[in-house]
Amino acid sequence: MRRTLTLLSSMLSAKTEQIGWAKLSAAWSKQLSLPPTVTPPTIAGAVERTLPLLIDAGSVPFVCRYRADVIAPLQVTQIHQLAEWLNKHQSLEATREKLLQHDSIARDRDLLFRVETSYSKAELEDLYAPFKPPSKGSLEDRIRKEHPSLIDNVDVFFYQGKGKPESLRPKEAAVTLLANRIASHPAVMDALLDTVARYCRIKVEQAKDEKSKYGNYYELDRPLYQLRDHQVLAIRRGSDQKALKLNFPVDGDRAESTIQWALRDKSSRHAMWKDAIHDAWTRLLRKRLTTRVWRDKLAEAQERSVSVFCDNLRKALLAPPPNDHRPLLSLDPGFRAGIKCALLDSDGTVHGGDAGLSTVNFIPNKENGKAQLITLLQKLKELDSSSSSSLVIVGNGHGTQEAQTLVREAAEAAGMDIEIKLVDEAGASVWSVEPSAAREFPDQPPASVAAVSIGRRYQNALAELVKIPPRSLGLGMYQHDVAEKELDVKLHLTSVDAVAEVGVDVNVGSLEIISKVPGLTPKLAERIMKERPLDSRQALLKVPGLGPKTFENCAAFLRVDRGPEPLDRTLCHPESYDLARHLLKKMKWNLEDRASLGKLPNRKERPVVWKEIAEEAAGKFDVSKERVLTVIDHLATSILNPDPRLRDDAAHSDASTLSQDAISSCETLPAELVTCDALRKACPVRDIKAVVRNVLDFGMFVDFGGDSDGLVHSSKLGTKRLNEFMVGQSVAIDILGVSSTNRVSLSLAGLDHPAESLDDMEKRAAPPKKSNPRGKRAYSTKICNDEPAKKPKRGNSNKKQEL
């Protein structure tokens, strides 16, 4: 099976190469988003050089890091985009071959270019429409049987412009055939798609009498392009649940004028031609195009939702590990089932094995629970007697406030100083039933080991979060409204990129994190673990099933921290080891001594400062000067900072120091204000500690200790921007109001926003009401309606064209 897939992939690659990388780059380079300073020819050249690498290498992280001289100025985002387009393009090879069999396409250079370079299934289907045989029992199929000569006459009239409309009889059949030709014409589809996307409106109506959570969308009427992504996904979900009815009115006169303009070289003022245009729009195109535009809008919203999810996942995986190597006590809060506890050593190992896991039951006997916690805190103190305070990690879920109160009382009774850190516990219970948890704790029930995951997340987020399905981490918005397959693929690629950026010690990493190394599969990861310990990267070639191509993709992302070869601990790829050794001598650098670097020039100055060394090494080792500069940069980075998560860049420093003064002066939410009813009466509540749970394009959701998370809208951030915040970051907030549906409105602390009344919040949530402009004829296509759309009456056709 594996050989069959390999042969199929190579066949598709050969067909793609026959089309030519230059053609694909000319079409696709225009769709990439790059700074305006990069010229179109530069982009096209980079795309043409990159596409063969994506087929040969197959690993985007490898191409981005070790072929940077080839792909420049493209970045990781553009490389992923090209890889996705290339996969879609190859999957449409069968449809493309059908189209290329027709001589009319081969003679039209523009049409041929579109067929050869398109990666859109919808676009190829539109181009194939004129050649698609009529379905059995359709109107055209019946006309072929009853009036066979009419088919040829209509084709000659439409495609060659010969003959007169009066000669086409019977008239009704001729109008139907002409309408079919018009509806399948590529120029008509291109022009109408733009018109419908620009002028189509969406009207939402209540489908059920009872109230529902979609009340904000009742009687919504606005242009479709004005809808925000989250609104599109919510409306689609309401429609699927039969709670909302959707209509898509379009100005019919404008649409028919657009058809006439698209066929301006064919059209005439004859009534039959105008009847055919009207029939093509009302019978064939209106519903098809409004559905198409709605689906495109949904696809854009889903793509943006997936992008936000991936961005949040990347931030969570690459969260800097704390400079804190103390053992800790991890608590998974609960009520009836008790508080699950785990004593962890500084490396994440459960102290004492299964004996390090316990449950504190404080209901109904609180004193009994406090006594159990005192015993655990004393054990924690014995593990780290040199520290002035002991570290306690608490999951920020249901019962967090009670768990914090109880552990503080226990610490006070024991005469100990403790430091409490809140950690997002989303997905911890999911990990507890995963195979990795069962392998590590075969004799423990799943509920007892979730606290282990919570504590390890604080110590090393990347190593722990890759064990959990990304969907379970609660980092996305409307994740259940997007295509599962697409979401899983994008999240997996994000995890692979994150693991590649940090790297993995091949002799220490878990099965889950090694499986995320570029080029590796879970099966190969298992084989690597069976061969451990490995003394070098070259030893990977001894692993069964790991060939030269896989080695090229994965070797540089797997470190050997205690091997005899120092370069095995660096970012350098084994293919460049000879060059790296030469450069170390030239630069007089020592891999073990940061001071040997001296004062490094900034990145913009490096090509100038190191020009002579790069040119000399490029000539000696027969590589490009840019490749030499890349290796120098890898060496400098490896010496300066082996872990990229600890880089002292602006993004991390801003996120870590953001509002620290405000946070230190804040308090946790009082226990009497935890419920939404009590909080609604007390608003505004100022200076409350909170933790960021999710960052979206319109704001961020934070956990402030209440019954539900609250929203800090982007307009309530003051001078801050959303990209300055990370999931899990501590912030100081003000609670401004609580709606009747328990939606909590927040702002950053210190901005002195006034309290929001219930009426203000409900009024802001209601959408504005708009209607169609007067005098415009609107045809509607109904979706999820009990009655089919009524066929509009034929109006006056002698109207001035509107382009």
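Predicted model: local features only at pLDDT ≥ 70, side-chain atom pairs only at ≥ 80, totals over all residues.
Student: What about the peptide bond from Cys-683 to Pro-684, cis or trans?
Tutor: That bond from Cys-683 to Pro-684 is cis, with omega near 0°, and Pro-684 sits in the loop between α34 (676-682) and β12. The peptide bond from Arg-169 to Pro-170 is also cis, with omega near 0°, and Pro-170 belongs to the loop between α12 (148-160) and α13 (171-183).

Student: Switching to helices, at what angle do α18 and α19 pack?
Tutor: Helix α18 (residues 366-383) packs against helix α19 (residues 400-414) at about 65°, with the axes 9 Å apart, and the crossing of α18 past α19 is right-handed.

Student: Which residues meet there?
Tutor: From α18 the contact includes Lys-366, Leu-373 and Ile-374, and among their partners in α19 are Leu-406, Glu-409 and Ala-410. By class, the contact of α18 with α19 has nine nonpolar, one polar and three charged residues.

Student: Ser-387, then: buried or exposed?
Tutor: Ser-387 is buried, because its relative accessible area is 17%, which is under the 20% cut-off. Ser-387 lies in the loop between α18 and β8 (390-395), and, leaving aside neighbours within four places in sequence, Ser-387 is in contact with Arg-326 and Lys-381.

Student: Is Asp-752 buried or exposed, and where is it?
Tutor: Asp-752 counts as exposed, at 61% relative accessibility, and lies in the loop between β16 (744-748) and α35 (758-765). Its phi is near 55°, a positive value in a residue other than glycine.

Student: Last one, which elements have the lowest and highest mean pLDDT?
Tutor: Helix α32 (residues 650-657) has the lowest mean among the elements of the protein chain, 38, whereas strand β11 (residues 558-559) has the highest, 96. For residues 767-803 the pLDDT is below 50, although this stretch has 81 contacts in the model beyond near neighbours in sequence. The protein chain as a whole averages a pLDDT of 85, and 89% of the residues score at least 70.

Conventions: Residues numbered from 1 in each chain as written. Heavy atoms only, no water. Axes fitted to C-alpha atoms, helices over the stretch in contact; angles between N-to-C directions. Helix = DSSP H or I, 4+ residues; strand = E, 2+ residues; numbered from the N terminus. Left-handed = near helix turned anticlockwise from the far one by under 90°. Contact = heavy atoms within 4.5 Å. Nonpolar A, V, L, I, M, F, W, Y, C, P; charged D, E, K, R; others polar. Buried < 20%, exposed > 50% of the residue type's maximum accessible area, 1.4 Å probe, protein only. pLDDT = per-residue confidence, 0-100.
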